[in-house]
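Please open the model in the viewer and keep the selection tool at hand. The stops below proceed from the whole chain to single residues.

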Amino acid sequence: MLAGVYKTQKKDGTTYYRSSITFSGKHISLGSFQTEQKAHQAYLLADRILHNSSLSLADYSKAEDNPLSFSKWVSLVNFRDNHIYIKTPVYLYQKYFYYYFGPEDYLIFDSDDLFYYSSRTISRRGGHLFVADYGMQVNILSRYGIKNYAVAGRDYQFANGNKRDYRYENIIVINRYHGVCQKIREGKTFYETKIHWNGDFIVGRYDNEIEAAIAYNKAASTLLTKGYIKDYPVNYIEELSDTEYRARYQKVTISSRLKNLTSLL
């Protein structure tokens, strides 16, 4: 067999070829190929990347008939430059890293997130970013305190304007709770609570987002007790003890239209 190649078979008996390379004591799988020659080409190209510092990520698109995936190219270049092999397409910098989808398509994360994204592949669907986490699809926004329904620019912002930059210092969460939206009118900031009942119904306007979040919970509970069957989410206020929450729940006011309902059944 050619260097870096070994032959194997699928369950149905079909022959295919796997390619791998060892560098700095690390055995790296390069993928599966239909022909021995193609697998050998992958080995030779990987060897060039690992021993030639002039080959960069930008050179991926220049390579003709490239046998390596872009993800593998990133992993090899990062291993050569930073001496850490990471299976996902991550390139490390001093305090942050790039997670690549393509040569000009990437996200930026803090180094604190390296362990998480080095063991999870990010998928994109319908404009959302997901990872498989313990068998479940998890929207990566949840790592940064952003709800699944959140809208960029309304519920959260990127401080430097770069929507690819998910470093913690760059993410500003504006609206943390279900049904709560920060508003500014005539220079004054307040929080408006809405709940879905015959459309978007305004529960009230509040001086702070915790009161607004509790008002949403109170409105949802009121509608449920009146017979409106809907799976309303619950706002969890982690900074309040049970006693503090109950006291503020009793004091917070909601729309009289909701309080005065007799029954929806």
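The tour that follows names each selection and then describes what is found there.

This is a predicted model, in which local features need pLDDT of at least 70 and side-chain atom pairs count only at pLDDT 80 or more, whereas totals for chains, interfaces and linings use all residues. Residues are numbered from 1 along each chain as its sequence is written, and side-chain values use heavy atoms, with hydrogens and water left out.

**Whole chain**

Select the protein chain, which has six helices and 14 strands; helices (H or I, at least four residues) and strands (E, at least two) are DSSP runs numbered from the N terminus. Its radius of gyration is 26 Å, well over the 18 Å that the globule rule gives for 265 residues, so the chain is more spread out than a compact globule. That radius is taken over C-alpha atoms, and the rule is 2.2 Å times the number of residues to the power 0.38. Along the principal axes, the C-alpha atoms fill a box of roughly 80 × 45 × 35 Å.

**Helices H1 and H2**

Next, select residues 36-51 (helix H1) and residues 70-82 (helix H2), whose axes come within 8 Å and cross at roughly 35 degrees. Axes are lines fitted to C-alpha atoms, for helices over the stretch in contact, and angles run from 0 to 180 degrees between N-to-C directions. Show the side chains of Leu45, Ala46, Ile49 and Leu50 in H1, which meet Trp73, Leu76, Val77, Phe79 and Arg80 in H2; contact means heavy atoms within 4.5 Å.

Move to Asp65, in the loop between H1 and H2. Its phi is near 50 degrees, a positive value in a residue other than glycine. Asp65 counts as exposed at 56% relative accessibility, where exposed means over 50% relative accessible area, buried under 20% and partly exposed in between (1.4 Å probe, protein chains only).

**Sheet S7-S8-S9**

Now select the open sheet of three strands, ordered S7-S8-S9 with antiparallel pairing. Strands S7 (122-125) and S9 (136-139) stand at the edges with a single partner strand each, so one side of each lacks a neighbour in the sheet. Four bridges join S8 (residues 128-133) to S9; two strands pair if DSSP finds at least two bridges between them. Within S8 and S9, highlight Phe130, whose bridge partner in S9 is Asn139.

**Asn198**

Finally, select Asn198, in the loop between strand S13 (188-196) and strand S14 (200-206). Asn198 has a positive phi of about 55 degrees although it is not a glycine, and it is exposed, with a relative accessible area of 68%.
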